[in-house]
Amino acid sequence: MNPYLKKLSMMYQLRTVRDVLKNKIKSLAAENYHIFIDTKDASQNILEKTSEMSTANQAFLSQITEFTQCCSDILLKARSIEASLKKNRSALENHTQLLEIIELPQLMQTCVHNGHYDDAISIFGYTKTLFNKYGSRYSVLRMIYSQVSAVASQFIHQLYNQLRAPLSLSSCIKTVVFLRRTGLLSEQELRLKFLQTRTSCLKSQINSSLLACTPKELAGVDKREKLSGFLPFKESHDKSYWVATRRIEVTRVHLFDIVTQYRNH
């Protein structure tokens with residue numbers, strides 16, 4: 001067979017096959033048109049979802065730092081809550097002791113009011129020890145110490161008032177010992193306060209003794225002479241003498257007591 005004809009025959013066959021394939025493709029496209037449309041829509045949806053996921057991932061990555069900080073804050077709060085729970089548990093276990101400490105100011109006030117000075121001083125010393133050890137850590141101890149100190153100040157003034165009144169040697173020594181045991185006064189301050197209060201007592205005793213009574217020889221003076229403002233020379237002289245004598249006597253007695261008390265305290 002002529003090679004040229006053979007080549008033409010092959011070209012014809014190829015064209016025929018091509019036409020058949022084109023027809024099949026057209027037929028396939030016509031039959032599966034909805035599949036191609038769905039595939040296109042699916043591809044577009046996939047691209048959109050992928051874009052959304054990429055955007056969401058970027059937003060998530062940008063918030064990781066903030067999320068980490070929030071987690072750290074939650075952890076710190078959890079630790080704080082745990083510490084508070086431990087404190088509350090400890091407070092519940094030591095409820096009786098804490099209640100006794102909280103009632104120290106009221107207890108000291110009761111002791112001072114009832115004259116139990118030894119107990120009051122012991123309470124003040126115990127509170128002062130607690131304050132020195134734990135006052136910087138617990139505000140409630142600072143508050144309790146402040147209240148107890150206020151009661152101690154009232155206690156000190158009460159002891160001062162006792163020193164301003166007439167006292168026996170034993171009572172005076174006991175009062176001074178109470179003042180010294182409080183630890184609120186130095187030795188020099190205590191001695192100075194003792195002299196001030198006892199001097200006040202001496203002045204009070206002198207004034208009260210002069211006003212308490214009058215000598216018998218001056219009691220019968222005529223009222224008209226008193227109202228006129230003119231007194232006989234003898235009456236004026238006797239009265240001055242009596243006042244001076246009375247003042248000297250009272251001063252001698254009480255000053256001797258004060259000096260004795262000062263030496264023995």
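Author: Thr197 touches Tyr160, Leu163 and Arg164, leaving aside residues up to four places away in sequence. Contact means heavy atoms within 4.5 Å. The model is predicted: local features need pLDDT of at least 70, side-chain atom pairs count only at pLDDT 80 or more, and totals for chains, interfaces and linings use all residues. Numbering starts from 1 along each chain as its sequence is written, and side-chain values use heavy atoms, without hydrogens and water.

Reader: Which helix holds Thr197?

Author: Helix α8, residues 187-212. Helices here are DSSP runs (H or I, at least four residues), numbered from the N terminus.

Reader: Is Thr197 buried or exposed?

Author: Thr197 counts as buried because its relative accessibility is 1%; the cut-off is under 20% (1.4 Å probe, protein chains only).

Reader: Which backbone oxygens does the Thr197 side chain reach?

Author: That of Lys193, at 2.9 Å. The backbone oxygen of Phe194 also lies 2.9 Å from a polar side-chain atom of Thr197.

Reader: How do I read two packed helices?

Author: They are described by the angle between their axes and the distance between the axes. Here, the axes of α6 (residues 139-163) and α7 (residues 169-182) come within 10 Å and cross at roughly 155°. α6 and α7 are therefore roughly antiparallel (over 145 degrees, on a scale from 0 to 180).

Reader: Which residues meet between α6 and α7?

Author: From α6, Phe155, Ile156, Leu159, Tyr160, Gln162 and Leu163; from α7, Cys172, Thr175, Val176, Phe178, Leu179 and Thr182. This contact has 9 nonpolar residues, 3 polar and no charged.

Notes. Helix = DSSP H or I, 4+ residues; strand = E, 2+ residues; numbered from the N terminus. Parallel < 35°, antiparallel > 145°, perpendicular 65-115°, else oblique. Nonpolar A, V, L, I, M, F, W, Y, C, P; charged D, E, K, R; others polar. Buried < 20%, exposed > 50% of the residue type's maximum accessible area, 1.4 Å probe, protein only. Polar contact = N/O pair within 3.5 Å; in protein donor to acceptor, adjacent residues only side chain to side chain.
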